[in-house]
Every structure is written in C-alpha cells, then in structure tokens.
Amino acid sequence: MATVLIVDDNPIDRRLAAGVVEKVGMTTCFAGHGKEALEIMARDPPDVVLTDLLMPEMDGLELVERIKNDYPTIPVILMTAHGSEEIAVKALHTGAANYVPKVNLTADLVRTIREALSVASVKRDEQRALACLDEAQLHFVLGVQHGDHEPLVGYLQEQLRVWKLCGDADLIRIGTALHEAFVNAVEHGNLELHSDLRNDPDGAYQRLGNQRRRQKPYCERKVWVHANLTREAVRITIRDQGPGFDPSRLPDPTVPENIGKISGRGLLLIRTFMDDVRFNETGNEITLVKKKAT
C-alpha cells in the first residue's frame, strides 16, 4: 500500500489526516516542518506527500519547490486552512499536485491521494520508458496563419526538457530561436514579405501579410518541420514553400553595424542561441542544432 508522508507542525492535524488514510490501508510517517520532511525523504522516499503550508523552519511552499526539483515523480498534496489561500495558489503554480481544505479531509483526502498516485504512476512509467529511448524522429506540418507555430515551439521545448538536453535558461533561448525561424519560414518564405517593408511606419508589412494569408497561392503553402532527438543533441529542420534566397548573400548579423537592422535580428538570435545553423542551397530550408549541455 501507499506510504503517505504527513507534514504539519500541529500534532492534532497530523493525527487527523493519518486516521483518514490509515483507515483505507495506507501507511503513514510524519514530519513537523519542511526540513524534517526532506530528511525523511532522503532516507526513505514516500509515495505521496501531504503537507500543511504555514510551518516553522521551512514552509509548505518551499517544500513543494524542493520536492519538485529533487523528487519530481512524488506528488505533493496541500492541506489548506483559512488564511493560507494565497500561498496555496503559489504552491499549485510551483508544482503541487492538488489540495484539500482541512475541513474536508474526511470527505476528500483519500480520493485526492488516489488520483494523485494514479497520475504519478503514469509519469514514472513514462520516465522509465524514456530512459530506454535512444532516438526519436518527429514530423509536423504547419500553415501560414498567425500563431500556428506557437504550440509546436512549446512542445519542442518540453521534449528538450524531457530528454534533458538543456536547462531552463536554454529552453527559453531555444524557444526564441525556434520562434524566429518559424516566423522567417512563414513571413519571408511562404508569404514572400520583404524585410524592408518593416521600416514602413504605416504598417505595410502587416497589411500585406494579412492579405496574403487569405490569398492564393500564399495561403495554401505549408511549413514542414522535422526534429531528430538523440541523447546528445536535437536537430530541427524547417522548410517552407517559398522561392528561397541565396544564403551566401545574407549580411552577417553579428557585425556591429548590422545589429541594429530589423532584417538581421532574427538570424542574430538564432545563431546566438543555437550551436549550429545551416541553410540549404536554395535558401528555403534551415537546420538548427543544439547539443546537450555539459
């Protein structure tokens, strides 16, 4: 049966929660605050943590943060009381799995723990399967409408996190590079919008883009995306159906006099945030490589 670590500085509340879960066969262990809970978890990790929020030494919010970092597959359920609502919201955003008001422990606690354990079991199985995964090939097809690429950027960032190819700071930078590459493929490739139009103060660039998103052949064009993930690197290729360009004639965006130019900003970010960037000969395909952080 599941082991529940109950963290609360009030011994009466600890026993109340223990009585509820022990009735259905779960075993319990106890801590009076967050620091003690982490010491217990280091010796013998439980299946689920049930924690109060307002405690001495280390409160529930900090405990949630530590468990999320050190024990990501162990769910944390909050016991909330009047006056702790604000910190409970922060803890849920930080990584807590669920919450139960202390006045509802008898009615809701067992069901909430069982739901959290079920989800955690799926997550642990997923992580065991991913540990055996050596390589993945992913293929996507996008249109030319505003925001079509945004869910894909988030999905690819999550894959990089799952494969442990980079840290959180690099995830943001890679997301920025991908966003710029997709915008280039759609706007400069499929919609054939020239960068010089961005300098028009009357918004000619946006107006023409909106027009071509409804006009053939531009509106029918696609962006093909191929992602190859291994334990050592990710390689993402983005290809559009535009006429392309001569990559050799691209101005170097890293040269100081080019940094302030609108047309070079996206490429500067892409080349800065990725380890390798290459174009095909016709200029309608870009490949971005990010190697595993060491």
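These are my notebook entries on one predicted chain.

**Entry 1. Ground rules.** The model is predicted, so I took local features only at pLDDT of at least 70 and side-chain atom pairs only at pLDDT 80 or more, while totals for chains, interfaces and linings use all residues. I numbered residues from 1 along each chain as its sequence is written, and side-chain values use heavy atoms, with hydrogens and water left out.

**Entry 2. Overall form.** I looked up the secondary structure and found 10 helices and 10 strands in the chain. Both are DSSP runs numbered from the N terminus, with helices being H or I of at least four residues and strands being E of at least two. The radius of gyration is 26 Å, well over the 19 Å that the globule rule gives for 294 residues, so the chain is more spread out than a compact globule. That radius is taken over C-alpha atoms, and the globule rule is 2.2 Å times the number of residues to the power 0.38. Along the principal axes, the C-alpha atoms fill a box of roughly 75 × 45 × 40 Å.

Entry 3. Of the 294 residues, 45% count as buried. Buried means under 20% relative accessible area, exposed means over 50%, and partly exposed is in between (1.4 Å probe, protein chains only). I then looked at contacts, meaning heavy atoms within 4.5 Å. Among those between residues at least 6 apart in sequence, 63% join residues at least 24 apart. For the charges, the mean positions of the 36 positive and 43 negative ones are 4 Å apart. Lys and Arg count as positive and Asp and Glu as negative, with His and the chain ends not counted. I placed each charge at NZ of Lys, CZ of Arg, CG of Asp or CD of Glu.

**Entry 4. Helix α4.** I went through residues 85-94, which form α4, and found Ile87, Ala88, Ala91 and Thr94 buried. They cover an arc of only 120° around the axis, which puts them on the same side of α4. The arc is that of the directions from the helix axis to the C-beta atoms. Cover for the buried residues of α4 includes α3 (60-70) and β4 (76-80). On the face turned away from the buried side I found the exposed residues Glu86 and His93. Gly95 follows α4 and has a positive phi, near 150°.

**Entry 5. Backbone exceptions.** Most residues other than glycine have a negative phi, and most peptide bonds are trans. I listed the departures.

- Glu57 has a positive phi, near 70°. Glu57 sits in the loop between β3 (48-51) and α3, and at 56% relative accessibility it counts as exposed.
- Glu192 also shows a positive phi, near 55°. Its place is the loop between α7 (168-190) and α8, and with a relative accessible area of 32% Glu192 is partly exposed.
- The peptide bond from Lys216 to Pro217 is cis, with omega near 0°. Pro217 belongs to the loop between α8 (204-212) and β7 (223-230).

**Entry 6. Val7.** I picked Val7 in strand β1 (residues 3-7). At 0% relative accessibility, Val7 counts as buried. Not counting residues up to four places away in sequence, its contacts include Ala31, His33, Val49, Leu50, Leu63 and Met79. Val49 is 42 residues from Val7 in sequence, and their C-alpha atoms are 7.5 Å apart.

**Entry 7. Leu130.** I next took Leu130, in helix α5 (residues 105-132). With neighbours within four places in sequence set aside, Leu130 is in contact with Val162 and Arg231. Leu130 and Val162 are 32 residues apart along the chain, and 8.2 Å separates their C-alpha atoms.

**Entry 8. Lys290.** I ended in strand β10 (residues 285-291), where Lys290 lies. At 9% relative accessibility, Lys290 counts as buried. Beyond its neighbours within four places in sequence, Lys290 touches residues including Asp170, Ile174, Phe273 and Asp275.
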